[in-house]
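Here are some notes for a colleague who is meeting this structure for the first time. They begin with one chain and then turn to its interface.

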Amino acid sequence: MHCSGVILAHSSTESSTLETHGSVASQFSSNEKDTAFDMTTSEKVVELLNQAALISTEEKLIVLKQVQELIINKDPSLLDNFLDEIIAFQTDKSIEVRKFVIGFIEEACKRDNELLLRLIANLNMLMRDESVNVVKKAILTLTQLYKVALQVSFSVSDMQEPCWDMVTQMKEDVLALLDSDNDGVRTHAIKFTESLIITLSPRTHDSDTPKKQEGDISLDKIPKDHTYIRYDTLCEEGKLALEQLLKFMVHPAISSINLTTALGSLATLARQRPMFMSEVVQAYETLHANLPPTLAKSQVSSVRKNLKLHLVSVLKHPSSVDFQGQISTLLLDLGMSQSEITRCTPATVQPRKRLHHEPYVEGKRIKMEATLVEDDDDKEEPAPVVTPKPSSSAGTQSSIDLTAEFLLPLLNPENVANLVLISMVYLPEVMPASFQSTYTPVESAGTDAQIKHLARLMATQMTAAGLGPGLELCKARDEEVKEEDGGAGESSSKDPLIIRKLSAVSLGQAISVVGAQLAAYKSPVTEEAPQIKKLPEPILPTTQPKAPGASGRKKVFKLADVVQPFSEAQIEKLANMAIKRILQSEKAIAQSGKSHVRVKLLARLVTQFEDGKKNYLLQFILEDMRGRSELAFSLLFHEYNEYLSQQPSGSLDSYEHCLFTLLSGLQEKPEQRDGLFTKLVLEAPVITDSALEVIQCYCEDESRVYLGMSTLKELILKRPSRQYQYLNVLLNLSSHEKEKVRSTALSFIKRMYEKEHLKDCIEKFALTYMQFLVHPNPPSLLFGAGEDTEVAAPWTEETVRQCLYLYLSLLPLNHRLVHELAAVYTEAIADIKRSVLRVIEQPIRGMGMSSPDLLLLVEDCPKGAETLVTRCLHILTDKVPPSPELAERVRDLYHKRVPDVRFLIPVINGLEKNEVIQALPKLIKLNPIVVKEVFNRLLGTQHSEGSSSMSPLTPGELLIALHNIDSSKCDMKSIIKATNLCFGEKNVYTSEVLAVVMQQLMEQTPLPILLMRTVIQSLSMYPRLAGFVMNILARLILKQVWKYPKVWEGFVKCCQRTKPQSYNVLLQLPPPQLASVFERCPEMREPLLQHVHSFTPHQQALIPASIMAVLEANSRKPEPEPQAELHHPEIIEEREVCCDETEVATDLFFSFVMYIQV
Amino acid sequence: MPAHPLRVAVVCSSNQNRSMEAHNILSKRGFDVRSFGTGTHVKLPGPAPDKPNIFDFKTTYEQMYNDLVRKDKELYTQNGILHMLDRNKRIKTRPERFQSCKEQFDLVITCEERVYDQVLEDLNSREQESLQPVHVINVDIQDNHEEATLGAFLICELCQCIQHTDDMENEMDELLQEFEEKSHRPFLHTVCFY
């Protein structure tokens, strides 16, 4: 104790050194080595202990071992000083360090027995360590220290009593560990028991004691007058321990290692304490006849090998002489040859022994054994003749012996044959492993020895089964013994559970063996009995009977004792876990090729459970739908099956839930291309409403619409029983707000429409929807079932369309439907009409103008549907010229029923030329936009090509026709506007066309009023036509243009615009007209005069004087003369301009050509 | 018992082929291993089956090697004996006899049943002192080079499994059953005490 202060002081300085150096342990210890020489052992120990506190486990163990060496072997005087410091490591977290502490305790106690008093409590603590390895080490140490404890109890004073009590308690604890769950702990407990039995039994002259244990204490060395250790109690404890060991051995489920250990222990006991020879041999016999059924084949071999080995070692002991027969039989059974057995048998007679000794040494046996045998022999010397034990009397005969004796005479051939025949019935189908490995052919069948052996074997079995006269006899004998010997044998005979024999018998025998001694010390028992009660822990009397009872209870296994029903929650949990495991074994099972079994199993299992597991399984499936589709289908079918099996009261809920979860689960996944969804829907035995909703959701999802609808289509086509329900879903989608959904639905419906049996239904649906249009307000149906729209919502473009989508897509497929539209149209309000007109373009175009139904519609043209018909006509002829049939119908309509010229517009190109000309006045009076449309059609300036060729009028003819419109039928303004439209089309009305038009107009008589307007217009469009225009003007002079006031006016204007070219034309005018020109435009006179003056004299001479007069005169007397000079111009013309009509035309043509070339 | 490395002894009859092969592999895997023979002499194949080369346990591998080289270098090169001896002498100096070794082991592995019997006999004839248990396991291996290699791997695997158990004694039985199934050979197994 005084040293701890030093350590503290020391460690504080050292730790500061450590801190300043920051050094590691190795550095530290190298420093130590330098100074180690000068240090005392004590100082060194202090250093080492200080190190040990800081370093790793491995180094710590090395250091601690050094300390142990120093204080136990080098300088034991230090042991006491440092005890506490070392013991402190028993709480170390390392198992190895704790084991070291145990080892240290053992060494220390062996060195100084009195230390046990201080250390036993620590050992007790360590024996309850959580680590089995520490516990095992503690048991080993207790095995050694038990002897020390016993020893120390005699040498030291009374203060050790509590210590002894504790040791006794610990002993009990270890014996109880024979029932431990841990194989290794049990093994150690067996060894402890072995050592305990040896210590607590007297060594006798024939004991075969190992040399190193010569000095060990045993019962015979215990003084009989000790204050608290009582000889007879110890003796009794020893026997109880043996009993426990034997009981342990017959446990039917003993492990092979425990059995091996126990076999070895028994052999040791037999050799060291020959008084137990009988029990040991019997135990071997019983075991041999009843090998535990739990052993594997190789374990049976191992055990038999051990049994053989130990039997030989027992056989070699001189005290085995009484049991040689039994042992030899066993060895023969174990496959040893008679000669070998003989070789191992010690001779009972001196000379024979010598004889046997010689060949033994020469034999293959190793020397070790030979010397061992010699040792035994030497010991035997003092008692050369080993006489049979008193056991030959009936009193010590075991029940087996008795039964065997009883059986022996009964084993005649007849009985044996009967026995064989009877037992044939009970033979198992397959030879048990243990029999196979233990069977050896019976060598000596029919001999006395063999019959005896057989009798004994049977006796063993019978006794084990609780039968036979021997057992009864023994029981009776037991009673007697008990009466004689108080409660000594009480505990064993009380044990009714042990059927496996031995207990009662062996105890009886043991008692009889030591009976004399017991009797001798009877008095101390009674004397000290009250003293036991004074002790603080009177453990012995109470615990001893308990221990075997406890172990006995465990040995009979009843399922009901150890099993109790699970709680609901536990069952639930276990079931869940089981299913989970099956689920998770997916890959392993797939590899084994038995996945179909797993799938079936799962489906069957789960359908029988509540929703929790189903949902779990469903989630599992959805994690990898593709890989687990088989499972999904299987589950679905099982659910349906379940439903069917519960008919008619069954509910589809569970099935529906399963299908719904799978389908909607699939919907949440990113798109799959494997068609799993379709497959699932099509293979499902029943499509429930919720499943149908999922399918609808699919259809409404733009990214999956195609998948959804093709699945729906398959359903419609392949599930006729409910096809109208499915069809209705699809039809409803045809008015969906999403364009993609709608158009896909429509295209699917169109395909369905080809099926005769679906046609009606689809048509009806389409018409019903269209009929909505006659209502004043759109029905709430259109807004989706969920929306609670007020009924009074007005029609919108959108709602109108919604009603028509399906109808319009059907229209091109079934033209008859068009009449329905007309009927609805007439009744609808204006807004709807407009909308309808807008949307029908595509379908009408699709129908084509050859459609008989369409022609019929045109022909009939219901009242109020005129605009619709017009629209249709427009659509039809928009790109394509009207067919004769169509034109015919329109013409009819126009002439007979609805004389609205607008009907004609679409088919105008299909009409005759005169019809067009006739209609022109009406047409040009229409809205300018419509007029433009008409002209476009006539002039072929529509978007499409090729229609112009079909026009009944050429552009020139059109312009001429316009000029010729009777002004009574149409106002001039409209005509002018119409011509302006013509001039607007510069591409059509080229200079060539205009030239021809002007030429023809000029030739007409009377001249058209607008002639000069057109000329001027043309000239302004094409100034290069000037030359041509001059000719026109000249020609007009010939046609006495001045007689048409409007034209004349235009003529003058034209001349005015075209000066100076027009000078020559003006000069051709007769003087009165020239004067009239000057009247209108006085400013022209002077330039014209100048022009004439610029002429050569000869040219001037050609100008008539009357003209000159008009030119020079200041408008004095213009009127009287014009008539008189009328001839002159004509003459001039005859001379200068060819008068001939044809020549003029040619001339015009040339100038035209020239103009083109310019 | 992961805390301390398993102390292993591998035993065959002459401490030449099977035990040395296993010794070699086990020491490479970091086991605390020793190897032994149980025979009275070291026997190596000779020119004919009835004429083996017999040495006593004191002879070093080196000496055996030189002796055989001298006798018939070609023969002993061809049957692999020289190669084996060469390997052995790099592991330790000379063969050792199990019966003469007093060191304690956790695990003794024998290479044939006869050797197992001898080991058991020896261990049981010793005086018990510390009662420290030692497990003895027999793994039957034919005495040729190929089987020795295969057997050594089996032994090594077995040792590794045992080393990795938390509680060797408690799990040994089960472990051996597994190994028997796996390797299709029976293992004798017992426990002795020092």
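1. What does the accessible surface of chain A come to, and which share of it belongs to carbon and sulfur atoms? In this predicted model, the accessible surface of chain A is about 56,300 Å², and carbon and sulfur atoms hold 56% of that area.

2. As for the fold, chain A has 62 helices and 0 strands, and 50% of its 1158 residues count as buried.

3. Turning to the interface, 39 residues of chain A are in contact with 34 residues of chain B, and the area buried between chain A and chain B is about 3,100 Å², with 50% given by carbon and sulfur atoms. On the side of chain A, the residues that lose the most area to chain B are K191(A), I257(A) and K305(A), which together make up 18% of what that side buries.

4. Between chain A and chain B there are 14 residue pairs in polar contact, counting those with both residues at pLDDT 80 or more, and the rule finds 4 salt bridges across the interface. In one salt bridge, K305(A) is paired with E113(B), and their closest N and O atoms are 2.6 Å apart.

5. At least two residues of the side of chain A that touches chain B come from each of several helices, including helix 6 (95-111), helix 10 (183-199) and helix 14 (297-316). Helix 14 of chain A supplies the largest share, 8 residues, and by class this side has 8 nonpolar, 19 polar and 12 charged residues.

Definitions and conventions: Residues numbered from 1 in each chain as written. Chains lettered and ligands numbered in written order. Predicted model: local features only at pLDDT ≥ 70, side-chain atom pairs only at ≥ 80, totals over all residues. Heavy atoms only, no water. Helix = DSSP H or I, 4+ residues; strand = E, 2+ residues; numbered from the N terminus. Buried < 20%, exposed > 50% of the residue type's maximum accessible area, 1.4 Å probe, protein only. Areas by Shrake-Rupley, 256 points an atom, 1.4 Å probe, with all protein chains shown as cover. Contact = heavy atoms within 4.5 Å. Buried area = accessible area lost by both parts, 1.4 Å probe. Salt bridge = Lys/Arg side-chain N within 4 Å of Asp/Glu carboxyl O. Polar contact = N/O pair within 3.5 Å; in protein donor to acceptor, adjacent residues only side chain to side chain. Nonpolar A, V, L, I, M, F, W, Y, C, P; charged D, E, K, R; others polar.
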